Amino acid sequence: MIEASDHGPAQGASGKAGGLVARWAYPKEIVDISFDEHVKLAMEHNGKDRWGWRYVNCGSWEKRGEVVLPEEVAGGTKSLEKTLGLPGGHKPIRSKKTRKANDLPEDLLWVKEGLTDSYAPMAKDGSTAQVHPYLFTTSMFELAKTNGVKYLKGKVTSILCTGNVVTGVEYTNREKETERISATHVILAAGAWSPTLIKDLPITATRAHSITIRPKEGVTIAPYVLFTEIVNFRTSAYSSPEIYARPDNEVYACGPGDDRPLPSTVDDVIVDQLSCDLIYSNISSISQELREGTVEKRQACYLPTVSSGGGPIIGEATQIAKGLFIGTGHTCWVRFAGSPSARHIDEFSVLNRAFQMHQGRQEP
Ligand SMILES: Cc1cc2nc3c(=O)[nH]c(=O)nc-3n(C[C@H](O)[C@H](O)[C@H](O)COP(=O)(O)OP(=O)(O)OC[C@H]3O[C@@H](n4cnc5c(N)ncnc54)[C@H](O)[C@@H]3O)c2cc1C
């Protein structure tokens, strides 16, 4: 595995995402496999303690924010479109009743009841879970290493082919020297940077900001992920941050995306403080618990999206080169690396076989 960041893997979207793992995510062909894969991984490798695996409540929350928000702020306006592919679009389902007129669950005490127009669960219990994305990704990395994966720090500059057959990769090492590795199979999983290596890949990059908040001592944040729609009652400005309570009581929140051009590596991503402040002011407008907490991380990353629609792109790209496998364009829903969709099941088997061959477990 060759990774360009000086700080190791998970410095991009895979370390800075929300971490929602949902049976109701999309495309269904992948989710039907990947959700169970997550359950299995968590059971086999103590995901609860290692990467914060747990089932979580998830709902949509609407309506007013009480704090006056900055009227002119930097930051993006692009929706991350997490709910776009759901059956019925953004419509939440209604299920169990609660004591409150606006349907707020009894234990969801960290948003203001008086500001809530409505709360509705987005899925039935047991179909939404979460991971801490940085811990999940780095744990997968550690497991991969114990299974024989070798890690090199370096930036891949080209995928080498003879005719239409992959022969290796060329990369720049830590000393800025050019090196080559020969290979019969190459897996390209460079997220938003994938088109820098295969230029015709229809992948676009959307920058998105997020923050983490540590609530003040004694405050416990009940396990809910909220897809909010907040209207500033003074300016009528609309925002829709996602808020994720995490098992260690950390709270993660992300805002909309923007079109800031993709930098050369993940280490050069620029974090816009105002975009982070806006997320904080939006979420603290509906929650005293979050407002009184401490912002610990202000961060940004690039979301890889398939520009021609749909996605992700997974499988062997024989039309480009035999032996070249691509896994990119997961949009705002990431699946366990290598998870196949039904359409790509054959390619996945090939990928799996390539890996086993690499480990000497199977004849070509
Ligand atoms: C704000 C936000 C919230 C999200 N929330 C969720 C969520 O709740 N649930 C969910 O399922 N998904 C979520 N996602 C989506 C998910 O994070 C992404 O789809 C996924 O992480 C993309 O993974 P990736 O490995 O393709 O890209 P990345 O995580 O960006 O990884 C690409 C890696 O390739 C490396 N690289 C690039 N070029 C080179 C090169 N030339 N040589 C060597 N290495 C290179 C980079 O350094 C980087 O480490 C969210 C995304 C965002 C932005």
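In the predicted model, Asp248 is partly exposed, with a relative accessibility of 43%. The side chain of Asp248 meets that of Arg214 in a salt bridge, at 3.6 Å from N to O. Because Arg214 belongs to strand 11 and Asp248 to the loop between strand 14 (242-245) and strand 15, the pair ties together parts of the chain that lie 34 residues apart in sequence. Arg214 is likewise classed as partly exposed, at a relative accessible area of 25%. A network of salt bridges links Arg214 and Asp248 with Glu296.

In total, 13 salt bridges were found in a search of the whole structure. One of them joins Arg207 to Asp258, with the closest N and O atoms 2.9 Å apart. This pair also links distant parts of the chain, since Arg207 is located in strand 11 (residues 203-214) and Asp258 in strand 15 (residues 251-258), 51 residues away. Both partners, Arg207 and Asp258, are buried. A further salt bridge connects Lys40 with Glu37, the closest N and O atoms being 3.8 Å apart. Lys40 and Glu37 both lie in helix 2, separated by 3 residues, or about one turn of the helix. In an α-helix, residues three or four places apart point the same way, because there are 3.6 residues a turn. Lys40 is partly exposed at 43% relative accessible area, and Glu37 is partly exposed at 23%.

Helix 4 comprises 14 residues (133-146); at 1.5 Å a residue it should span 20 Å, and the distance of 20 Å between its end C-alpha atoms agrees with this expectation. The buried residues of helix 4 are Pro133, Phe136, Thr138, Ser139, Met140, Phe141 and Leu143. These buried residues pack against helix 1 (13-16), helix 2 (28-44) and helix 3 (47-51). Gly148, which follows helix 4, has a positive phi near 110°.

An open sheet of mixed pairing is formed by 4 strands in the order 1-7-8-9. Strand 1 (2-3) and strand 9 (178-182) stand at the edges; each has a single partner strand, so one side of each is left without a neighbour in the sheet. Strand 1 pairs with strand 7 (residues 152-162) in the parallel sense over 2 bridges, and Glu3 stands opposite Lys153 of strand 7.

The average pLDDT of the chain is 85, and 81% of the residues score at least 70. Residues 68-74, however, have pLDDT below 50, and this stretch makes 15 contacts in the model beyond near neighbours in sequence. Residues 87-97 also stay under 50, with 18 contacts beyond four places in sequence. Where pLDDT is low, the predicted coordinates should not be read in detail.

Key:
Residues are numbered from 1 along each chain as its sequence is written. This is a predicted model: local features need pLDDT of at least 70, side-chain atom pairs count only at pLDDT 80 or more; totals for chains, interfaces and linings use all residues. Side-chain values use heavy atoms; hydrogens and water are left out. The expected span of a helix is 1.5 Å times one less than its number of residues. Buried means under 20% relative accessible area, exposed over 50%, partly exposed in between (1.4 Å probe, protein chains only). Contact means heavy atoms within 4.5 Å. pLDDT is the predictor's confidence in each residue, from 0 to 100. Two strands pair if DSSP finds at least two bridges between them. A salt bridge is a side-chain nitrogen of Lys or Arg within 4 Å of a carboxyl oxygen of Asp or Glu.
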